[in-house]
Amino acid sequence: MVKICCIGAGYVGGPTMAVIAFKCPAIEVAVVDISVARIAAWNKVEKHVSEADIIFVSVNTPTKTRGLGAGKAADLTYWESAARMIADVAKNDKIVVEKSTVPVKTAEAIEKILTHNSNGIKYQILSNPEFLAEGTAIRDLFNPDRVLIGGRETPGGQKAIQALKEVYAHWVPEDRIICTNLWSAELSKLAANAFLAQRISSVNAMSALCEATGADVTQVSHAVGKDTRVGSKFLNASVGFGGSCFQKDILSLVYICECNGLKEVANYWKQVIQVNDYQKNRFVNRVVSSMFNTVSGKKIAILGFAFKKDTGDTRETPAIDVCKGLLGDNANLSIYDPQVTEDQIRKDLSMRKFDWDNPIHLQPMSPTVMKQLSVVWDAYAATKGAHGLCLLTEWDEFKTLDFKKIYDNMQKPAFVFDGRNIIDEQKLREIGFIVYSIGKPLDGWLKDMPAVA
Ligand code: NAD
Ligand code: UDX
């Protein structure tokens, strides 16, 4: 019987192994993690690693915050310690699967660590990046667009690819399992995230031009996406993309390009992040400039804090930058998100960029910011007495709010800034709101108060 062990029980390791165990009853699957808080009872890490034939490594690979490549390069500390642990406890030949997103050529480094400490044990390294998205993880795992497996082009490498392919073949049609060399698989993951993020930055860049010209970005992206060569998905203009992957993986790609002397290629991809930062700043500037160039002492309701709907995850959420921008202008924020806790929001607003994966750097929140911030239990409480409302996550429940009731309880003029284009702006205008939607024609008020980007 084949035994599989996965190191790292996070957003990827947990659901991926649950699906493998569910779909392959004959395979014994164990998931281990070093986080006591995450899995208090799972302290048999080494036993499972030592017994498994196939080891998935699904540990976090955050952006480095210090040292060489800080702010760009992927931090492989967790990966290296997992590899060293495997080498320490292994008793039989193993297939080690890179499930984490890693820089291209990482397999070579991992191979060195393992083979230098091997005691005669043979290792095959495979790259099998994960493409699931949060909020739809199980659906994506059950029905993936593709499964990608990269391995060495040697008989041993091909045999290992075959062994992993047999695991997925329990539920994934064979024509959706793509086999490549190691470096193509590693790079494809970074490339896929870069392409997806690039689409969002492209449509967000267009949204700025739409506002300047009177075009409507939803009409433009619909028209563009109808071209089958472009396709309609991932063309929704927004306040900016967030999540733990896009920015981290593009920065890693940029760093790899720079290390290979490819300055122009690095600059091309860097621009995807720069446009994303521009979009978040542009949103803050629009809020401030519309409200007579100051939000000092004004109550602003923030609806939605997660980086997208159907998750409580706040890693790199655009809400952090928007809230920090508004707090910087002395606004009083009243925040509501259906899934994010007050503790998490306060933590996020006290952290420096990239520190979410390095909690030791957490700064205590300044007493002034503490006072400027309240976290409440629903959208009505958040908007009561507010001057403006910023919608930052596209939660379904926000589409059906009673906006007349909200309007009646807000200060006048009452502003709505829809960072996700989910509310019918015409209906809001009829109620009496001054409305800003990303990339939509500006109403008279906003035209008279141009935002400085
Ligand atoms: P995560 O932080 O949720 O989980 C990683 C887990 O690994 C943590 O619980 C951590 O304690 C554990 N860990 C670290 N070192 C360990 C060790 N030596 N031994 C045992 N456990 C250890 O991260 P995640 O979101 O699951 O992402 C994991 C990887 O998958 C990253 O490379 C990420 O880029 C990639 N990825 C993430 C997603 C996503 O949607 N979150 C999607 C595709 C790929
Ligand atoms: C992403 C990739 O989709 C997934 O394949 C990869 O494995 C991990 O990274 P995830 O970060 O979970 O998944 O969420 P995703 O749905 O891609 O959204 C990322 C961000 O882009 C969110 O903030 C979302 O709101 C934003 N987005 C997405 C837009 O602004 N516009 C869009 O059209 C689509």
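Lys105 sits in the loop that joins β4 (94-98) to α4 (106-116). In this predicted model, phi of Lys105 is near 90°. That value is positive, in a residue other than glycine. Most residues other than glycine have a negative phi.

The peptide bond from Lys412 to Pro413 is cis. Its omega is near -5°. Most peptide bonds, by contrast, are trans. Pro413 belongs to the loop between α15 (403-408) and β12.

Strand β12 covers residues 415-418. Its pairing with β13 is parallel and runs over four bridges. Within this pair, Phe417 stands opposite Tyr436 of β13. Both strands belong to an open sheet of six. The strand order is β10-β9-β8-β11-β12-β13, with parallel pairing. The edges are taken by β10 (373-375) and β13 (434-437). Each edge strand has a single partner, so one of its sides is left without a neighbour in the sheet. On average, neighbouring strands of the sheet are turned by 15° against each other, direction ignored. Strands of a sheet pair through backbone hydrogen bonds, in either a parallel or an antiparallel sense.

Attention now turns to ligand 2. The ligand has 20 residues around it. Of these, Phe131, Leu132, Glu134, Ser238 and Arg420 come nearest. By residue class, the shell around ligand 2 holds eleven nonpolar, four polar and five charged residues. Helix α7 (residues 182-213) supplies the largest share of this shell, with four residues. Domain 1 (3-172) and domain 2 (214-448) each provide at least three residues.

Polar contacts to oxygen atoms of ligand 2 involve both side-chain and backbone atoms of the protein. A polar side-chain atom of Ser238 lies 2.6 Å from a ligand oxygen atom. Ser238 is also one of the residues that come nearest to ligand 2. At Asn236, a backbone N or O atom lies 2.9 Å from an oxygen atom of ligand 2. For Gly242, a polar backbone atom is 2.9 Å from an oxygen atom of the ligand. On its own, ligand 2 has 670 Å² of accessible area, of which the protein covers 90%.

Note on methods:
Residues are numbered from 1 along each chain as its sequence is written. Chains are lettered from A and ligands numbered from 1 in the order in which they are written. This is a predicted model: local features need pLDDT of at least 70, side-chain atom pairs count only at pLDDT 80 or more; totals for chains, interfaces and linings use all residues. Side-chain values use heavy atoms; hydrogens and water are left out. A residue is near a molecule or strand if one of its heavy atoms lies within 4 Å of it. A polar contact is a pair of N or O atoms within 3.5 Å; within protein, one must be able to donate a hydrogen and the other to accept it, and residues adjacent in sequence count only if both atoms are side-chain atoms. Accessible areas come from the Shrake-Rupley method with a 1.4 Å probe; for residues, only the protein chains shown count as cover. Helices (H or I, at least four residues) and strands (E, at least two) are DSSP runs, numbered from the N terminus. Ala, Val, Leu, Ile, Met, Phe, Trp, Tyr, Cys and Pro count as nonpolar, Asp, Glu, Lys and Arg as charged, and the others, Gly among them, as polar. Domain bounds come from an automatic or database domain assignment. Two strands pair if DSSP finds at least two bridges between them. Axes are lines fitted to C-alpha atoms, for helices over the stretch in contact, and angles run from 0 to 180 degrees between N-to-C directions.
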